[in-house]
Amino acid sequence: MRTYDILPTQATFPGEVITGFDQAEQLAAKARQFGNRGMLVHGQSMRRRGKVSKITANTPTGMELETWEYSGGEPTRTQLLALIDAIRTSNVDWIAGLGGGSILDLTKAAALHAPQHSIAQLFDAEIPATAASMPFIAIPTTAGTGAEATTVAVITDPETGIKQSLRSPRMMARLVILDPALLKSLPPHVIAHAGMDALTQAIESYVSNKATWFSRKLALKATAMLYENLPALFENGGTDRIAARNMLQGSFLAGVAFSSSGLGAVHGLAGPLGGSYGIPHGHACAACLPYVLNYNRTQMAHDYKTLSTLVGQDLLVGIAALLARLGLQNPFKGRTLNDLDTIVQAVLSSASTQCNPREMNETDARALVRELFTY
């Protein structure tokens, strides 16, 4: 049996984590430690549901909280530059992201780059760990991406369509607010996609070839919480309070785990395939997960048994049953497979694939992609 280091060689964690229903409404008071002028980045849904107005209404005397509405879609360089400009114009002390992974990625990237003298090399180099950054507060509104616990932001260049992973320990959230009330009334497909993204992250972190004792403990607990609570959250439209709390906390644990362990071939496949075929990331992960688990099965024999015990049946059977309950089918089955060479190279060059427990070569990657489009 493989032995594991206790801790990763380097790890960065959020400065403070607050959990509880309606805690997001106290944002300004909790952020006062960072300064009296803040900016809240949010999407249309949070404004329409009245969450933004509740947060701003609770701004203490002597503080100012501006808002900036995200236009939607995947975060782009254009949107990032617009947000940076707004931050500089308003001269705020801190910035908070209220939303899913896209908003959190955009906000953390802006928090890092706004104080810099130049952003000309935004896509060319990592910002040094010693560079100044603005305090970033993460308030996730989906139980899925784990972006509140990572130091990575994925930004798309609209001219080329290329997704760039910006990395810096300075993008770690200084404060995370896990408010289960924010999951209420989420569309079922959002709950399903985000939940499967989180579950995939937990499983891949657990079996990663860069895993440690620390990451595996968190990942295994996250897997249990996510697998057990996702159906209830999905079937009750986010109104199940216990399921909402457990899903949000499970997603956070998965984020902390994979931020040091990396992921695996599911994410290596889901990135290029989801982008090429317009499939939401969580749905792409859900589709790829069974195929990669089957591919890894012999290499992760002991872990496969552990995970099977956790779900109460053979792991692949349990995942298939979960996907059926969530109404998630393979969106690639029967579609025309375009530009296989490019997809395979993207899979093999992915940092996630490098963490897969079973080493993947070009022949393996081709076979997996073809299988995904056939069955």
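This is a predicted model: local features need pLDDT of at least 70, side-chain atom pairs count only at pLDDT 80 or more; totals for chains, interfaces and linings use all residues.
Local features need pLDDT of at least 70 and side-chain atom pairs pLDDT 80 or more, while totals for chains, interfaces and linings use all residues. Residues are numbered from 1 along each chain as its sequence is written, and side-chain values use heavy atoms, leaving out hydrogens and water.

Student: How many disulfides does a search of the whole structure find?

Tutor: A disulfide is a pair of cysteine sulfur atoms within 2.5 Å. For Cys 285, the nearest cysteine sulfur belongs to Cys 288 and is 7.0 Å away. For Cys 355, the nearest is that of Cys 285, 14 Å away. The number of disulfides found is 0.

Student: Is Cys 355 buried or exposed?

Tutor: Buried means under 20% relative accessible area, exposed over 50%, and partly exposed in between (1.4 Å probe, protein chains only). The relative accessibility of Cys 355 is 4%, so Cys 355 counts as buried.

Student: How many residues has the largest nonpolar core?

Tutor: A nonpolar core is a set of buried Ala, Val, Leu, Ile, Met, Phe, Trp, Tyr and Cys residues joined through side-chain atoms within 4.5 Å. Leu 83 and Met 196 are among the residues with the most contacts (heavy atoms within 4.5 Å) inside the largest core. A second, separate core includes Phe 34 and has 20 residues. The largest core has 102 residues.

Student: Is Trp 213 buried, partly exposed or exposed?

Tutor: Trp 213 lies in helix H7, residues 213–235. Its relative accessibility is 44%, so Trp 213 counts as partly exposed.

Conventions
Helices (H or I, at least four residues) and strands (E, at least two) are DSSP runs, numbered from the N terminus.
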